[in-house]
Amino acid sequence: MSADSTRPASSFRRSTAALLQWIDSDYTPEGPEKMRNEPDKVDWVRCIPFIILHAGCLGILWVGASPFAVWTAVALYVLRMFAVTGIYHRYFSHKTYSTSRFGQFLLALWGATTVQRGALWWAYHHRHHHQHSDDPEDAHSPHVHGFWWSHIGWITSRRNFPTDYSKVKDLARFPELVWLNRFDTVIPLLFALGIFGLGFLLETYAPGLGTDRWQMLVWGFFVSTTALFHGTSCINSMAHLMGRRRFNTTDDSRNSFILAIICLGEGWHNNHHRYQSSTRNGFYWWEIDLTYYGLKALSWTGLIWGLKPVPQSIMEEAHRADHLASIAAAQRAAHVHPEVSSLKKVVPAAAAIAVATATAAQATMPKKAEGPAIHRDVTEQTEHSQPPRVI
Ligand SMILES: [Zn+2]
Ligand SMILES: [Zn+2]
């Protein structure tokens, strides 16, 4: 059989596999290792649900808006951003606090509503990012792959779909977590159905709210989840481009107040790259970290405990770095811009020359009595002009 005739057959097999992977994300006929070693390539069939998620936002053209539906979208964004940052990131990826096995399962369920795949897949990719930050190996470095690839492209690439369970052994020993990770569309579908059902109840029993099942589905699921995806992706793309660097880490991670607001505290990314094991990413009170406040509140319920602080040595390093930065800033201010600095030297000299020139000009200027005035003032003009005629 020729190579050309085998190509359609293999692409058919791939498309069928991609369809099956919508349901069972661990289904890889060629084996996950081989898939992970492929070059980056967008898998369009596999990405159809992701495209539908974005296209669903256009539904607002048909369903319109109501304050209740819009506020539901905002609330679900915040609650699920907390799930991404406080659960997928600070618990499953870094284990910055403890919980029971049941608590862990509840957290995984909450995390699964974010539609950012399973906790193990998320943690595997995130740990890989910390190991290879801004190296060619890093799946979503804006410095290596460009902004759009780091923001959205990497998630569509075939090689990034399988979970490497060997890199998350601590989590893979819990079959309930592996099941949620493998069938990662189950919870998102139930969640969407739940919002649709809530909309049905509201349109039947609370018509005064002015919402309905389709409006709730579009705003509560499609709009909120798409915004959540892009908010989270800003950390992959922009947190290595935008903001200040306190710590001289080997990557290009940065601290950004704007990203800290969008992502509930994850914007203090340079702090986090310096020290990943702490529950808080904002190291000072003014580094607003809503995820940390939420986790602190959750610890009072007894669901989680053992929140890890920032060690004293890291805080001292932060003080030193800030001190050096303030000295550098003061030196920059004293040095000012080279153009301003040269102006400082030139202006006094120019003023001296101007004064000397003016004095010399006065000395050589003909006296009024010795000749006609060059410039006549108003009095002179009046004196020399004809008297007005009276008619
Ligand atoms: Zn990073
Ligand atoms: Zn991290």
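Tutor: Happy to! One definition before we start: two residues are in contact if their C-beta atoms, placed from the backbone, lie within 7 Å. Please keep in mind that this is a predicted model.

Student: Which residues of H5 meet Ala119, Trp122, Ala123, His126 and Arg127 in H7?
Tutor: With the contact cut-off of 7 Å between C-beta atoms, we look for partners on H5. H7 brings Ala119, Trp122, Ala123, His126 and Arg127 to this contact. By class, the contact of H5 with H7 has five nonpolar, three polar and one charged residues. The residues on the H5 side are Tyr88, His89, Phe92 and Ser93.

Student: At roughly what angle do the axes of H5 and H7 cross?
Tutor: H5 covers residues 67-93 and H7 covers residues 119-131, and their axes come within 9 Å. The crossing is right-handed. The angle between the axes of H5 and H7 is roughly 70 degrees. Angles of 65 to 115 degrees count as roughly perpendicular, so H5 relative to H7 is roughly perpendicular.

Student: Is Ala123 buried or exposed?
Tutor: Ala123 lies in helix H7, and it touches Tyr88, Phe92, Ser93, Val168 and Leu171, leaving aside residues up to four places away in sequence. Its C-alpha is separated by 9.1 Å from that of Tyr91, 32 residues apart along the chain. A residue needs 20 or more other C-beta atoms within 10 Å to be buried. Ala123 has 26 such neighbours, so it counts as buried.

Student: Which residues of H11 make the contact with H7?
Tutor: The axes of H7 and H11, the latter spanning residues 175-182, come within 7 Å and cross at roughly 85 degrees. That angle makes H7 roughly perpendicular to H11. From H7 the contact uses Ala119, Leu120 and Trp121, and from H11 it uses Leu177, Val178, Leu180 and Asn181.

Student: How many charged residues does the contact of H7 with H11 have?
Tutor: Sorting the contact by class gives six nonpolar residues and one polar residue. The count of charged residues in the contact of H7 with H11 comes to none.

Student: How many polar residues are in the contact of H5 with H16?
Tutor: H5 and H16 pack at an angle of about 75 degrees, with their axes 9 Å apart, and that makes H5 roughly perpendicular to H16. Phe82, Thr85, Gly86 and Arg90 of H5 make the contact with Thr291, Gly294 and Leu295 of H16. The contact of H5 with H16 divides into two nonpolar residues, one charged residue and, for polar residues, four.

Student: Which residues does Ser278 touch, not counting those up to four places away in sequence?
Tutor: Ser278 sits in the loop between H15 (269-274) and H16 (290-301). It has 20 C-beta neighbours inside 10 Å and therefore counts as buried. Lys95 is 183 residues apart from Ser278 in sequence, yet the two are 8.9 Å apart in space, C-alpha to C-alpha. The residues that Ser278 touches are Thr96, Lys308, Pro309 and Val310.

Student: What is the phi of Arg117 near?
Tutor: Most residues other than glycine have a negative phi. Arg117, in the loop between H6 and H7, has a positive value. Arg117 is buried, because 21 other C-beta atoms lie within 10 Å. Its phi is near 65 degrees.

Student: And why does Asp134 count as partly exposed?
Tutor: Asp134 is in the loop between H7 and H8 (142-145), and it has a positive phi of about 60 degrees although it is not a glycine. A residue with 20 or more neighbours would be buried and one with 12 or fewer exposed. Asp134 has 18 C-beta neighbours inside 10 Å, so it counts as partly exposed.

Student: What is the count of buried residues in H17?
Tutor: H17, residues 312-335, reaches 34 Å from its first C-alpha to its last, close to the 34 Å expected at 1.5 Å a residue. Across the protein, 32% of the 391 residues count as buried. H17 is hardly covered, and the count of buried residues among its 24 residues is zero.

Notes. Residues numbered from 1 in each chain as written. Chains lettered and ligands numbered in written order. Predicted model: local features only at pLDDT ≥ 70, side-chain atom pairs only at ≥ 80, totals over all residues. Axes fitted to C-alpha atoms, helices over the stretch in contact; angles between N-to-C directions. Helix = DSSP H or I, 4+ residues; strand = E, 2+ residues; numbered from the N terminus. Parallel < 35°, antiparallel > 145°, perpendicular 65-115°, else oblique. Left-handed = near helix turned anticlockwise from the far one by under 90°. Nonpolar A, V, L, I, M, F, W, Y, C, P; charged D, E, K, R; others polar. Expected span 1.5 Å × (residues − 1).
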